[in-house]
Amino acid sequence: MGSKQKTAIVTGASQGIGAGVVQAFLDRGYNVVANSRNIIGSGAFAESSQLALVDGSIGETAVAAKVVETAISRFGSIEALVNNAGIFFTKAFTDYTPEDFKALSNTNLEGFLYITQAAVKQMLAQKSGGSVINITTALAVNPISGITASVPMITKGGLEAVIRSLASEYAKEHIRFNAVAPGPVDTPLHKDNPKEFLKTLTPMGVVSDVNDIVDAILYLTEARHVTGEVLHVDGGAHSGKW
Ligand SMILES: NC(=O)c1ccc[n+]([C@@H]2O[C@H](COP(=O)([O-])OP(=O)(O)OC[C@H]3O[C@@H](n4cnc5c(N)ncnc54)[C@H](OP(=O)(O)O)[C@@H]3O)[C@@H](O)[C@H]2O)c1
């Protein structure tokens, strides 16, 4: 890093991948604004001179605005945004309800849209580039028979498509847009799924640790010439049949 301390925003930060990303950014000397619906009450982190916590559902415009305002008022700039907040569940395509679709769209898509718009406005004003990373999934390009995730994939597929458009739109300003696409990761999302079953979802027969995903996020955050990429960290699950 340069001499000036950089600031990163992480959504969905109270547990799992998001909490790992917050800790990794703090360890590297970044200032961090961490958000989830209940990050303060979760006890995952304590506020500090380097860390601000903002409660609220990131799909609400007011919460997105508050997260960005907090970054600017507390730390003075935004260099990186990790759109990690996400919900996921499976059912037969015909069983997804309008409420399911609204919940998936609200957290996964609106939770990306409003905060990314506000963060990009700030990055444009700073005139020193920036990094935005979406967290998607290997299932977006390679569905697995029996994992009936069609409607969540509308959102994850969209999050992969939009980075290509935005990588092109903001290339000249050096604001970079990438995605990390995990396979199964050992987080509370899978607390009810046996590890032996999760291992069957990758050709390598592995379940990733949070740190496997965090390493990819850190790489893309600082890879100054990489934009429009989807980095799969999935034991090979984005291609082929096994
Ligand atoms: N684990 C996997 O195997 C896996 C695989 C592929 C992709 N992913 C993706 O990776 C990301 C993180 O997954 P994870 O396994 O770490 O999930 P997780 O353990 O379920 O944690 C999700 C986090 O998101 C927060 N959150 C949920 N809804 C939110 C909202 N509306 N606004 C703000 N924060 C919200 C939760 O905190 P609150 O309850 O306090 O809001 C929590 O901190 C997700 O986008 C997921 O789709 C995970």
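A crossing of two helices is right-handed if the near helix is turned clockwise from the far one by less than a right angle, and left-handed if it is turned anticlockwise. Keep that in mind as you work through these exercises on a predicted model.

**Exercise 1. At what angle do H1 and H7 pack, and which hand does their crossing have?**

Step 1. Start with the general idea: two packed helices are described by the angle between their axes and the distance between the axes.

Step 2. For H1 and H7 the angle is about 55 degrees, and the axes are 9 Å apart. H1 is therefore oblique to H7.

Step 3. Now use the definition you began with: the crossing of H1 and H7 is right-handed.

Step 4. Look at who takes part. H1 brings Gly16, Ile17, Gly20, Val21, Ala24 and Phe25, while H7 brings Val210, Ile213, Val214, Ile217, Leu218 and Thr221. Sorted by class, this contact has 9 nonpolar, 3 polar and no charged residues.

**Exercise 2. Is H4 roughly parallel or roughly antiparallel to H5?**

Step 1. Find the two helices: H4 covers residues 98–126 and H5 covers residues 150–169.

Step 2. Their packing angle is about 20 degrees, with 9 Å between the axes. Angles under 35 degrees count as roughly parallel, so H4 is roughly parallel to H5.

Step 3. H4 passes H5 in a right-handed crossing.

Step 4. On the H4 side the contact includes Phe101, Leu104 and Phe112, and on the H5 side it includes Ile154, Lys156 and Leu159. The classes here are 10 nonpolar, 3 polar and 1 charged.

**Exercise 3. Are Ala149 and Asp100 buried or exposed?**

Step 1. Use the cut-off: buried means under 20% relative accessible area. Ala149 has 6%, so Ala149 is buried. Asp100 has 13%, so Asp100 is buried too.

Step 2. Check the partners beyond four places in sequence. Ala149 is in contact with Phe88, Thr90, Tyr96 and Leu139, and Asp100 touches Phe89, Lys91 and Asp95.

**Exercise 4. What is the phi of Lys127, and what is the phi of His174?**

Step 1. Lys127 has a positive phi of about 60 degrees although it is not a glycine. His174, also a residue other than glycine, has a positive phi near 60 degrees.

Step 2. Locate them: Lys127 sits in the loop between H4 and S5, and His174 in the loop between H5 and strand S6 (175–182).

Step 3. Exposed means over 50% relative accessible area. With 74%, Lys127 is therefore exposed, and with 55%, so is His174.

Terms used
Residues numbered from 1 in each chain as written. Predicted model: local features only at pLDDT ≥ 70, side-chain atom pairs only at ≥ 80, totals over all residues. Heavy atoms only, no water. Axes fitted to C-alpha atoms, helices over the stretch in contact; angles between N-to-C directions. Helix = DSSP H or I, 4+ residues; strand = E, 2+ residues; numbered from the N terminus. Parallel < 35°, antiparallel > 145°, perpendicular 65-115°, else oblique. Contact = heavy atoms within 4.5 Å. Nonpolar A, V, L, I, M, F, W, Y, C, P; charged D, E, K, R; others polar. Buried < 20%, exposed > 50% of the residue type's maximum accessible area, 1.4 Å probe, protein only.
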